[in-house]
Amino acid sequence: IRIVDLADSRLTAVKLGESAMRICAAPGYLERWGTPRDLKELTEQHQLLIPEFVNVSEQLRRLFPVGERPHVDMAKAHRIDSESALFAAMESGLGVGFVLDIAAKQAIDQSRLVTLLPESPLPSQPIYLVYRRADVSPARLEALKMFLLRHFRS
C-alpha cells in the first residue's frame with residue numbers, strides 16, 4: 001500500500017482512496033503552550049514533531065506562494081521515523097505533529113488529539129494498492145483487493 005502520487009511504472013495500482021495530513025496536538029500541550037492561530041505562528045512558536053516521510057519543503061511549496069512561506073527551523077523540529085513514537089510523543093504533550101487523517105481518526109474521536117488549523121488543510125494524497133502485473137492473479141490477491149476496496153469506500 002502506497003500513499004503517494006505514483007509515477008508510471010510496470011506495477012499495477014488500484015486506487016483505494018485519499019488521505020490528507022492533519023496538524024494535531026494533545027489538549028495538554030495546547031493548555032500549556034497555547035493554540036496557534038495560523039501556520040506562521042505554528043512554525044515559529046511551537047515544537048514540531050515531523051514524521052520522516054513528510055517532505056516539509058514540498059508541503060510548504062504546495063501551500064504557500066513564494067513570498068509567503070513560513071520558515072521552519074528544522075534544527076528545532078523533531079524528526080520521527082515511527083508512527084507509534086510520533087503518536088506517543090504527541091499524546092504526551094511534547095509537540096505538534098503532522099499525521100495522516102486515517103491514522104489519527106481514533107485519537108481525534110477519543111479527544112486524545114485535537115486537529116489544529118482545520119481551515120488550512122494540507123493537501124491530500126491518493127492511497128494505492130500496488131502489485132506486480134501477472135497473467136493470472138492469485139485468489140488471495142483478489143480477496144485482499146476486494147477487502148481493501150470495501151474498507152476504504154466505507
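What share of the 154 residues of the protein counts as buried? The share is 38%, where buried means under 20% relative accessible area with a 1.4 Å probe, protein chains only. This is a predicted model, in which local features need pLDDT of at least 70 and side-chain atom pairs count only at pLDDT 80 or more, while totals for chains, interfaces and linings use all residues. Residues are numbered from 1 along each chain as its sequence is written, and side-chain values use heavy atoms, with hydrogens and water left out.

**Overall layout**

- The protein has 6 helices and 7 strands, taken as DSSP runs (helices H or I, at least four residues; strands E, at least two) and numbered from the N terminus.
- Along the sequence their order is β-β-α-α-β-α-β-α-β-α-β-β-α.
- A box of roughly 55 × 35 × 25 Å, taken along the principal axes, holds the C-alpha atoms.
- Of the contacts (heavy atoms within 4.5 Å) between residues at least 6 apart in sequence, 80% join residues at least 24 apart.

**Nonpolar cores**

- A nonpolar core is a set of buried Ala, Val, Leu, Ile, Met, Phe, Trp, Tyr and Cys residues joined through side-chain atoms within 4.5 Å.
- The largest one has 18 residues, and those with the most contacts inside it are Ile23, Leu42, Leu48, Val96, Phe98 and Leu116.
- At least two residues of this core come from each of strand E2 (11–25), H1, helix H2 (39–45), strand E3 (48–51) and strand E5 (96–100).
- Apart from this core lies another, of 12 residues, including Cys24, Leu86, Val99 and Leu113.
- Leucine 48 touches Leu42, Thr43, Val72, Ala77, His78, Val96 and Phe98, leaving aside residues up to four places away in sequence.

- The whole structure contains 1 aromatic pair, counted for rings of Phe, Tyr and Trp (its six-membered ring) with centres within 6.5 Å; planes under 30 degrees apart are stacked, over 60 edge-to-face and the rest tilted.
- The ring centres of tyrosine 29 and tryptophan 33 are 6.5 Å apart and the planes stand at 35°, so the pair is tilted.
- Both residues belong to helix H1 (residues 27–33), 4 residues apart, about one turn of the helix.
- Tyrosine 29 is buried, at a relative accessible area of 3%.

**Packing of H4 and H5**

- Glu83, Phe87 and Glu91 in H4 meet Ala103, Ala104 and Ala107 in H5.
- By class, this contact has 4 nonpolar, no polar and 2 charged residues; Ala, Val, Leu, Ile, Met, Phe, Trp, Tyr, Cys and Pro count as nonpolar, Asp, Glu, Lys and Arg as charged, and the others, Gly among them, as polar.

Definitions and conventions
Buried means under 20% relative accessible area, exposed over 50%, partly exposed in between (1.4 Å probe, protein chains only).
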